[in-house]
Amino acid sequence: MAHEPVILTTVADLQRFLSVLRVGQSHEAIGAPSDRADFFNEVGFVPTMGGLHWGHLSLIQRARYENRTVVVSIFVNPLQFAPEEDFQQYPRALQTDQALCQQVGVDAIFAPPPSQLFSSNSVTQVVPPLEMMRQLCAQSRPQHFQGVATIVAKLLNIVQPQRIYLGQKDAQQLAVVRRLVADLNFPVEVVPCPVVREASGLAYSTRNQYLTSVQKQQAAALYHGLQQAKKIFYSGIRISSVLIQAVQRQLDIAPAVKPEYIELVHPTTLAPLEKVEEVGLLAIAASIGSTRLIDNILLHNRLPILAVDGPAGAGKSTVTRKAAQALGLLYLDTGAMYRAVTWLVLQSGLSSQDGAAIAELVNQCQIQLVAAPNPSVPPQVWINGQDVTQAIRSLEVTAQVSAIAAQPAVRRGLVKQQQSYGAQGGVAVEGRDIGTHVFPDAELKIFLTASVQERARRRQQELQQSVAEVSLQQLEQDIDARDQKDSTRLIAPLRKAADAIEICTDNLTIPEVTARIVALYREQFP
């Protein structure tokens, strides 16, 4: 069981805690090389107002994977509430939040009283650029983002993290904090994390607690409206007015949902867009009863990305490669990328346990996947200008790739390179968390699955040539245990994205599954 997080309520106690931790880690780093050496002195910070849910936990899980120390703040900030808003009613459940933080490996919870952060009723405040305050939520909540910017600036000064983790659901807040960090030269990386949704598509929010079960069903209209606009967008229509009308038509079906705004803006500058040239943020705010909800999607004017997730043994790799070939997409062979890094580590003479040196190597390397003239042939793999397509299949690389791939800095660096490939679209990629983490804005997400019994049968057929026989019952138990491990792991858990299309491959051949995916792609992107 994960250790219990320390609860700190004063600035002095938090800074003392971090100071002691950093000194201890510095001494530890002097010792023998460690596969987590890149974590020394790195702090990941997740600011919250409590009332934690799966959206918050996804931020914490990401921070846990990428940092040695994780700090979560729980503070209901009075500066970002107007007098008529729900400051007094906002959910406060520190004991429940503490238990959730313990489950996901938080090191410290900073839960100060207001007097610790604001010594008087009149405080110095940070005012975001006015051009970012003329649209979206700032229209009805004019002081809100000034309060957000002020508290984030204070918390960054107190915690001094290497990374701060924010959710894409609060897109205007994310844009304001990015601008704050850039303009005031805070030495911190802002890490945006994808929207996490309930099964209905409703984005997780602390205020969802206010909704009845019927209202929750009605609230899913926000997501359905955005998805309808997404379909129209990928049919070739990029005009703001048409996309907004598509969302509105969906909301008209749910009269209990009262829209406040539906707007298309640039996700970084928040400038209104009449047409999406490269990328646009389609955002909505609406009320159901007295509860105000927000949601958004990013629309990329690019070739679509095909993201395929699913449990081990569902046939993801073969099907994704064949679908990419049929659709003229680049198959983003993530396994080959990890092999290329492993080859580079071996060529550099580094120990597979020297995490700090490997982290630096990954951050500086450039991997290229070059499509072969014959689409049935896997892409060529180049690293730092050298063709390593054949070299990465050596026994030496195979023996070391698991140890290298397990290092957080390696995954972090390669995910960034994978996302760089995806920026222009036109790729097909498979894995465990492609649609939920690596490419949360992929245009077509497939969740490929099969029963435990079917996957065990397939695995048994693969092992028929082996000297040792394995019973079908044993294989089923092994696969079930693997599924449980993959779906409950803290980092990159196997989870179906809310907007993924599930395909069960039981009793289907590889060509049949491939044909279904190709048909879905061509139907959505004619």
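**Charged pairs and a buried glutamate**

R62 is buried, at 18% relative accessible area (buried means under 20%, exposed over 50%, partly exposed in between, with a 1.4 Å probe and protein chains only). The model is predicted: local features need pLDDT of at least 70, side-chain atom pairs count only at pLDDT 80 or more, and totals for chains, interfaces and linings use all residues. Residues are numbered from 1 along each chain as its sequence is written, and side-chain values use heavy atoms, with hydrogens and water left out.

Q: With which residue does R62 form a salt bridge?
A: A salt bridge puts a side-chain nitrogen of Lys or Arg within 4 Å of a carboxyl oxygen of Asp or Glu. The closest N and O atoms are 2.7 Å apart, and the partner is E66.

Q: Is E66 buried or exposed?
A: Its relative accessibility is 5%. E66 therefore counts as buried.

Q: How many residues apart in sequence are the parts tied together by E85 and R141?
A: The two side chains meet in a salt bridge of 2.9 Å, N to O. E85 lies in the loop between β3 (69-74) and α3 (94-103), and R141 in the loop between α4 (114-117) and α5 (144-159), so the separation is 56 residues.

Q: Which side chain of opposite charge is nearest to E430?
A: E430 lies in strand β15 (residues 427-431). E430 is buried yet has no salt bridge. At 4.8 Å, the nearest side chain of opposite charge is K316.

Key
Helix = DSSP H or I, 4+ residues; strand = E, 2+ residues; numbered from the N terminus. Lys, Arg positive; Asp, Glu negative; His and termini not counted.
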